[in-house]
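Biologist: I am new to this structure and would like to learn how to read its features one at a time. Could we start with a pocket and then turn to a sheet?

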Amino acid sequence: MTKEFNATPYKLESVKTGNQFEDEGWTLDAPNEHECSLVRAVYEKEQIEVKDASYGVFRFADWLPVHKMLEGSSAPVTYKSEGLAKYLGLSDLYITFSGYWPEKGANFRTCSFKETEAYSVGGRLKTDDGTILVVASAGNTARAFARVCSDNNIPLLLCVPEDNIDAMWFDEPIKDNVKLVVTKSGSDYFDAIHLSNMACELDGFVAEGGARNVARRDGMGTTTLSAVTTIGRIPKYYFQAVGSGTGAIAAWEANKRLIKDGRFGNHFMKLMVSQNIPFLPIHDAWKADSRKMLPLEDDVARKQVEEIDAKVLSNRKPPYAVFGGLYDAMKEAGGDVLAATNQAAEEAARIFEETEGNDIHPAAAVATATLIQAVKDGIVDKDDCIILNITGGGEKRIKSTKDIIYLKPHHVFDITPEMADVEKVLSQLFK
């Protein structure tokens with residue numbers, strides 16, 4: 001049965017200049033502007049009306065830049081913690097969970113909050129002209145987009161590092177409209193992005209856009225909308241692990257809309273974002289109070305990425321310095337960039353599973369580890385209202401109850417492929 005859906009009218013706005021303009025369908029940048037700035041959706045509807053849970057992530061459609069609803073989505077679920085809160089001595093800890101936890105009402109089949117992005121991006125995209133969407137990913141994003149695009153017949157090219165393809169697991173086969181290409185072993189997320197950029201130079205391929213895509217950010221912002229509309233107020237602290245920082249930017253933007261809504265408070269929640277030691281580019285730039293990312297040699301970065309367990313946190317070129325990016329978000333909202341070792345994250349994952357009852361992804365474990373440390377260090381008080389954004393979990397559960405299959409690469413490219421090779425391979429893939 002088709003649900004009633006009315007798209008919210010919106011305009012796009014340059015964060016740098018404040019200039020507003022119409023969305024031409026897939027506008028990623030402000031027209032006629034030379035300085036690098038994110039654009040933001042400005043919705044006509046200032047007070048959000050949350051639909052019932054059967055709408056999935058589209059229950060927050062009032063603040064999503066979409067013209068249609070896709071099938072099969074689930075919304076992030078927020079609940080008041082008992083087990084972890086008791087363990088940490090916190091009285092007002094809430095967990096926003098995006099993953100597989102049917103008892104809580106969370107049915108993310110790929111176990112990652114990246115589904116929120118994929119459904120929102122898919123709901124914005126018009127594909128009647130045969131356009132092929134191109135997505136680069138370190139793993140979870142690729143799995144989410146593959147599932148959503150397969151289920152909704154959206155042509156998709158995925159670019160992933162070969163070392164990360166164990167993330168390409170599914171509970172049902174992926175249709176042939178989704179193609180996976182990889183950069184060979186030893187490459188990282190930045191190399192996959194480079195390959196995707198080459199693909200987008202070819203006719204018929206369009207970049208998903210990453211942080212520049214308002215649909216991606218506002219889809220991710222539904223974690224904050226879930227939290228605040230469930231709690232009834234804006235919390236004091238927001239904990240999340242970051243690779244690109246796009247999720248934290250999205251949380252900040254959602255926070256701005258919630259302040260304007262007028263019913264949930266007028267303050268910013270402090271963004272307590274975290275990275276996995278030893279790969280700390282955002283952490284190091286923030287601690288140096290530098291708007292620019294600090295220099296990091298490619299070989300050093302690749303070695304650091306090899307060492308971290310939370311591979312999805314491995315973005316070497318995050319939207320940090322850009323106007324409206326993570327630096328601006330952190331400066332306005334306040335907060336800090338924290339760090340956790342593999343060992344601390346492993347221990348945090350064990351504690352979460354024991355106290356709350358579900359397994360969590362390594363990135364979510366990094367965030368949990370930094371919350372545990374922040375409590376020990378007295379950074380947060382026991383009565384502070386805190387959101388812990390668990391960006392992925394339930395993978396052990398879903399894999400124990402369903403038959404899992406893996407999407408195999410259609411082609412393995414060199415780390416720095418020639419354009420002629422890329423064109424030759426891709427022209428055959430989507431025949």
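Biologist: Which residues lie nearest the centre of the second largest pocket, and how many residues line it?

Modeller: Rolling a probe the size of a water molecule over the atoms shows where empty space is left. In this predicted model, the second largest pocket has a lining of 26 residues, and Asp166, Ala167, Asp309, Lys311 and Val312 are the ones nearest its centre. The elements that each give two or more residues to this lining are α3 (140-151), α9 (298-307) and α12 (362-376), and α9 gives the most, with 3 residues. The space in the second largest pocket comes to about 440 Å³.

Biologist: How do the residues of that lining divide into nonpolar, polar and charged?

Modeller: The lining of the second largest pocket holds 10 nonpolar, 7 polar and 9 charged residues.

Biologist: What is the order of the strands in the open sheet of 3 strands?

Modeller: Strands of a sheet pair through backbone hydrogen bonds, either parallel or antiparallel. Here the order is β2-β1-β3, and the pairing is antiparallel, with β2 (20-21) and β3 (39-43) as the edge strands, each of which pairs on one side only. Strand β1 (residues 10-14) is joined to β2 over 2 bridges in the antiparallel sense, and Leu12 stands opposite Phe21 in β2.

Biologist: Which residues does the UniProt domain annotation cover?

Modeller: The unreviewed UniProt entry carries the annotation "domain: Tryptophan synthase beta chain-like PALP" for residues 107-392. In the model, that span is 43% helix and 16% strand, and its end C-alpha atoms lie 11 Å apart.

Key: Residues numbered from 1 in each chain as written. Predicted model: local features only at pLDDT ≥ 70, side-chain atom pairs only at ≥ 80, totals over all residues. Heavy atoms only, no water. Pairing = 2+ DSSP bridges. Helix = DSSP H or I, 4+ residues; strand = E, 2+ residues; numbered from the N terminus. 1 Å grid on protein atoms, 1.4 Å probe; cavity = no way out; pocket = protein on both sides within 12 Å on 5 of 7 lines; lining within 4 Å. Points joined across faces, edges and corners; volume = space filled by probe spheres on them. Nonpolar A, V, L, I, M, F, W, Y, C, P; charged D, E, K, R; others polar. UniProt positions renumbered as here; feature names shortened; annotations may be inferred.
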